[in-house]
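Morning, everyone. I have one structure to go through today, and I will keep it brief. Please have a look at it before I start.

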Amino acid sequence: MKRGNGFFIAGLALTCLLAALILLGFFWTPYDPNAMAAGPKFSAPSPAHWMGTDNFGRDIFSRVLQGAGTTAVIALATLAIGAVCGCLTGALTGYFGGPVDELLMRLNDGLTAFPSILLALVMISILEPGKKRSVILALGLVFIPGFARVTRTAFASLRDVNYIKSARLMGASGPRILAVHMLPNTLPVLLPALTIGFNNAVLAEASMSFLGIGVTPPDASLGYMLSEAQGMLFAAPWYAGGTGLVIVLMVFSVGLLGEGLRRDRGVL
């Protein structure tokens, strides 16, 4: 890693801080996130309620901790499905080319032909609306084509370099060449793509929950909380402010991390 990469250092520090808070929310919150009348309705931020309370007297900070955990888990699971399936598809098409490339990339183009949000809506309606697993599977499918194209380009650029040709002449198998000789050299491209994918997953989940087609009560999600807060902008502006700030910080911190990785391409 290059010295003095402020983007990477700042992004890593902020990401670790937010990750620690999210992990804390899985084990402890000041109040039960769903407990009504934990405090007076629409109370402003105070030592007792750091982000105030909502129209049911629920502690907003506790709900933000739980909602951030829900959003982060969905984003990571979505990223895992999209990245694993997409990178595997891209690696095979980029390395082998020919009929394999034509078949898999035409399937990939078929997925890309549908608007991503429409495809996600169709998948959720087929599965079970309002459930985490449905959102994860729907968004994971939507993210596959993007990762497939990025990975295909990276692997295709290495297919005919000398050390790959030498590995083939020495009898190395296709899986070994892909995993040992090519994958490490594509990380400078794939790692920033993963950070972008995570941010897109956070925003996609928040958007779907905001519209009422993602995570629904009793599960808390940052997007659904913003949907609740829009009717309280004058009565409790701290609800929308605190929830929105967490979404911005999640995306901003991982974005800084990705920018730091992008600036170090070829040096990782």
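Which residues does Thr195 touch, not counting residues up to four places away in sequence? Before I answer, note that this is a predicted model. The contacts of Thr195 are Val254, Gly258 and Leu261. Thr195 itself sits in helix 7, which runs over residues 174-210. Is Thr195 buried or exposed? Its relative accessibility is 10%, and the cut-off for buried is under 20%, so Thr195 counts as buried.

Next, Ala201, which also lies in helix 7. Ala201 has a relative accessibility of 0%, so this residue is buried as well. What does Ala201 touch, again leaving out residues up to four places away in sequence? The contacts here are Ala75, Thr78, Leu139 and Phe143. For a distance along the chain, take Ala201 and Gly57: they are 144 residues apart in sequence, and their C-alpha atoms are separated by 30 Å.

Last, the cysteines. How many disulfides does the structure hold? The number is zero. The cut-off for a disulfide is a pair of cysteine sulfur atoms within 2.5 Å.

Methods
Residues are numbered from 1 along each chain as its sequence is written. This is a predicted model: local features need pLDDT of at least 70, side-chain atom pairs count only at pLDDT 80 or more; totals for chains, interfaces and linings use all residues. Side-chain values use heavy atoms; hydrogens and water are left out. Helices (H or I, at least four residues) and strands (E, at least two) are DSSP runs, numbered from the N terminus. Buried means under 20% relative accessible area, exposed over 50%, partly exposed in between (1.4 Å probe, protein chains only). Contact means heavy atoms within 4.5 Å.
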